[in-house]
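Have the view open and follow along.

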Amino acid sequence: MPLPTNGTAWPPPHMAAVYREMRRDAMWYEGDPHRLARAADRREHTPRRADLDDRRRRRDRWGKLPQDYPRKRERRLHVPLPGDISTVASDLLFADMPEITAPTVEGTGYLAEEIDATGMHSLLLGAAEQASAVSGIFLRLTWDRETVPDRPIPTTMQPDHAIPEYSFGVLRGVTFWRELDGGDTQTVYRHLERHEPGRIEHALYEGTPDSIGRAVPLTEHADTAALVASLDADGVSVETGIPMLTAVYVPNMTPNRRHRASPYGRSDYAAPIHDLFAALDDTWTSWMRDIRLARARLVVPDGYLTNLGPGQGAAFDDDREVYSGLNMPPTDGAGITINQFAIRVDEHQRTAEAITRKAIESAGYSPQSFGLEGEGAITATEVDAREGRSTVTSKKKAGHWRRGVADFLYAYQLLSAAQFGARIAPERPTVEFRLDAAESEQTKATTLELYARAGAVSTATKVKYRSPDMEDSDVDAEVTRILAETGAGAPDPGDTYPM
């Protein structure tokens with residue numbers, strides 16, 4: 001779609017439902033306790049239709065509705081499990097940078113240098129974490145010769161501030177938008193940045209919270225005025241010089257269960273497990289309430305209180321050793337009473353752990369990936385088997401990232417050659433992830449011992465299996481040392497016996 005016409009409803013109506021779901025997921029990912037407390041308050045105290053009908057029937061004899069008891073705002077404790085899920089999801093994908101190779105040695109070397117210079121590893125780690133939470137992420141290429149004079153700048157863009165355009169499932173264009181400072185409750189400035197093959201177009205709109213308003217010159221706002229010098233003669237766009245988009249969308253997982261025919265990804269929270277997040281917060285909040293209520297409280301007779309004067313009430317001094325005599329029988333027993341409630345530690349702990357495990361499994365991961373132990377002692381093989389669920393989920397995600405990162409790096413090379421004169425032949429690289437669960441040293445040793453007993457493995461294969469990243473020359477040197485130390489490389493003395 002082209003840039004919106006004046007007066008268009010904003011956000012676009014066809015994106016409203018998708019944005020709403022993304023922002024609910026983002027709320028849990030961010031973990032702002034005030035926003036979550038407000039959401040919990042609405043969830044618990046918004047009356048249902050049946051409740052309203054019941055209240056209308058329960059009118060008193062004067063025809064008035066009964067008054068509800070005043071509500072006390074609960075001090076809620078938030079457990080950042082949503083953020084933990086997204087962090088682990090990102091770590092499983094990008095803790096180790098994928099192996100990126102081009103068809104030529106020169107191309108592979110160029111990409112390795114650019115990935116290191118641009119901090120691509122950190123960018124992808126953050127992008128995968130955010131994609132886990134909000135269903136996907138956009139990778140965008142831009143450039144600013146004053147900031148980075150010799151190469152494009154890779155960035156990420158949020159999907160709830162993007163309007164993508166697809167044709168047969170292929171991204172054909174995307175418009176990014178952001179709200180700028182300087183407005184008020186009735187005036188909103190928005191910067192729109194539309195990417196299409198070979199071209200990027202900018203626009204500034206002055207509107208209202210629910211309308212795009214009217215287009216105004218880019219020079220009307222300080223944040224967009226700086227763009228004018230880098231634009232072409234039309235003053236609103238710039239030619240990229242490459243035939244493909246300078247933006248790539250990477251879905252977190254597919255399909256989107258609420259919008260099955262759409263190309264949008266799905267969040268790790270979209271099982272949905274929002275209720276489990278809320279239940280976990282409720283459990284910990286209840287646990288903390290038990291601790292507050294379990295503080296020892298003293299119930300003392302009136303005679304133990306010190307009068308503070310007219311209108312000032314009375315107080316109890318717990319350091320006082322001698323009190324005035326009290327007019328009561330000696331056998332009455334009306335002394336100081338300690339009141340202290342029990343803390344239900346075991347019940348809360350087991351409930352919280354059960355909810356946590358269910359939320360993690362519904363997100364597609366193994367509880368062991370989050371440091372939760374299984375029941376009873378287990379072998380290393382059982383550990384690897386339980387980690388398998390996390391590996392399968394990561395492999396599914398890697399399929400989307402493999403294609404997205406390859407397209408992004410190809411566009412990076414094209415843009416480097418077109419805008420910065422890089423002397424390269426752009427090539428589409430291959431991206432390989434290392435996702436299999438790492439074997440423990442004990443498991444490796446057991447496997448090698450069994451192979452050695454069967455006489456089915458060479459010393460070179462043993463070394464390579466033990467250290468997969470070792471170079472071939474280092475493997476050969478290690479094999480030579482091992483054979484020399486064990487004597488296995490000595491010539492067979494049987495060949496020297498006289499006939």
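In which helix is I291 found?

I291 sits in helix α8, which runs over residues 274-293. Keep in mind that this is a predicted model.

I291 has a relative accessibility of 38%, so it counts as partly exposed; the exposed class starts over 50%, and buried means under 20%.

Now for α5, which covers residues 105-118. This helix has 14 residues and spans 20 Å from its first C-alpha to its last, close to the 20 Å expected at 1.5 Å a residue.

Which residues of α5 are buried? They are G107, Y110, L111, E114 and I115. Because these cover an arc of only 130° around the axis, they end up on the same side of α5. Turn to the face pointing away from that buried side and you'll find the exposed residues V105, E106, E113 and D116. Just past the end of α5, G119 adopts a positive phi of about 65°.

## The chain overall

Zooming out, the chain has 13 helices and 15 strands. Of its 499 residues, 36% count as buried.

Take the contacts between residues at least 6 apart in sequence: 63% of them join residues at least 24 apart.

Notes: Residues numbered from 1 in each chain as written. Predicted model: local features only at pLDDT ≥ 70, side-chain atom pairs only at ≥ 80, totals over all residues. Heavy atoms only, no water. Helix = DSSP H or I, 4+ residues; strand = E, 2+ residues; numbered from the N terminus. Buried < 20%, exposed > 50% of the residue type's maximum accessible area, 1.4 Å probe, protein only. Expected span 1.5 Å × (residues − 1). Arc of directions from axis to C-beta. Contact = heavy atoms within 4.5 Å.
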